[in-house]
Amino acid sequence: MAKYNITYSCGHEEEVELFGPMTDRESNIAYYKKYGICSECFKKAIEEDIREMEEELNLPSLEGSEKQVEWAGRIRFIFMVELKKHQDSSVYEAALAFFSGQTEAKFWIDNRETPFPLLIMENSKAIRVLMK
């Protein structure tokens, strides 16, 4: 194990801890320099992806504390990415309407570990009502 200062492809430098044989470490360093981005640029890229999806799906703002909203926004993003995979499903529009309406950050945080199919099934009654 050793610490290295890496200048990523984004131009920013960070210290990373690398393990394993020296050849693996050198390979990782080369990869980070050519393709990697620093943690701050990575965070900004994720935030941009979240904003784009919120605009694309016309999602309302989440309600809660600043930390809750940030956390719930990431959870909702992952869920919506999964939901979009089912756009051809007959329940897609109703599911999108239902889950878009979940604006309390608490809902997303409380359901963060609920598998996608189970979350759909647990809310199927409300989704069926929206389908009518």
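The side chains of K106 and D110 meet in a salt bridge, with N and O 2.5 Å apart; the term denotes a side-chain nitrogen of Lys or Arg within 4 Å of a carboxyl oxygen of Asp or Glu. The model is predicted, so that local features need pLDDT of at least 70 and side-chain atom pairs count only at pLDDT 80 or more, while totals for chains, interfaces and linings use all residues. Residues are numbered from 1 along each chain as its sequence is written, and side-chain values use heavy atoms, with hydrogens and water left out.

K106 and D110 are 4 residues apart in helix α5, about one helical turn. Helices (H or I, at least four residues) are DSSP runs numbered from the N terminus. K106 is exposed, at 53% relative accessible area, and D110 is partly exposed, at 47%. Here buried means under 20% relative accessible area, exposed over 50%, and partly exposed in between (1.4 Å probe, protein chains only).

The structure holds 6 salt bridges. One of them joins E48 to R51, with the closest N and O atoms 2.8 Å apart. Both residues lie in helix α2, 3 residues apart, or about one turn of the helix. E48 has a relative accessible area of 32% and is partly exposed; R51, at 40%, also counts as partly exposed. Another salt bridge is formed by the side chains of E82 and K85 (3.2 Å, N to O). E82 is partly exposed at 27% relative accessibility, whereas K85 is exposed at 59%.

The largest nonpolar core has 25 residues, of which F79, M80, L83, F99, W108 and I120 touch the most other members. Such a core is a set of buried Ala, Val, Leu, Ile, Met, Phe, Trp, Tyr and Cys residues joined through side-chain atoms within 4.5 Å. Two or more residues each come from α2 (39-56), α3 (66-84), α4, α5 (105-110) and α6 (116-122). Another core, of 7 residues, lies apart from it and includes Y8, V16, L18 and C38.

Leaving aside residues up to four places away in sequence, F99 touches F79, M80, F107, W108, L119, I120, N123 and I127, where contact means heavy atoms within 4.5 Å. F99 is also among the α4 residues, with A94, A95, A97 and F98, that meet A126, I127, L130 and M131 in α7. By class, this contact has 9 nonpolar, no polar and no charged residues.

Definitions and conventions:
Ala, Val, Leu, Ile, Met, Phe, Trp, Tyr, Cys and Pro count as nonpolar, Asp, Glu, Lys and Arg as charged, and the others, Gly among them, as polar.
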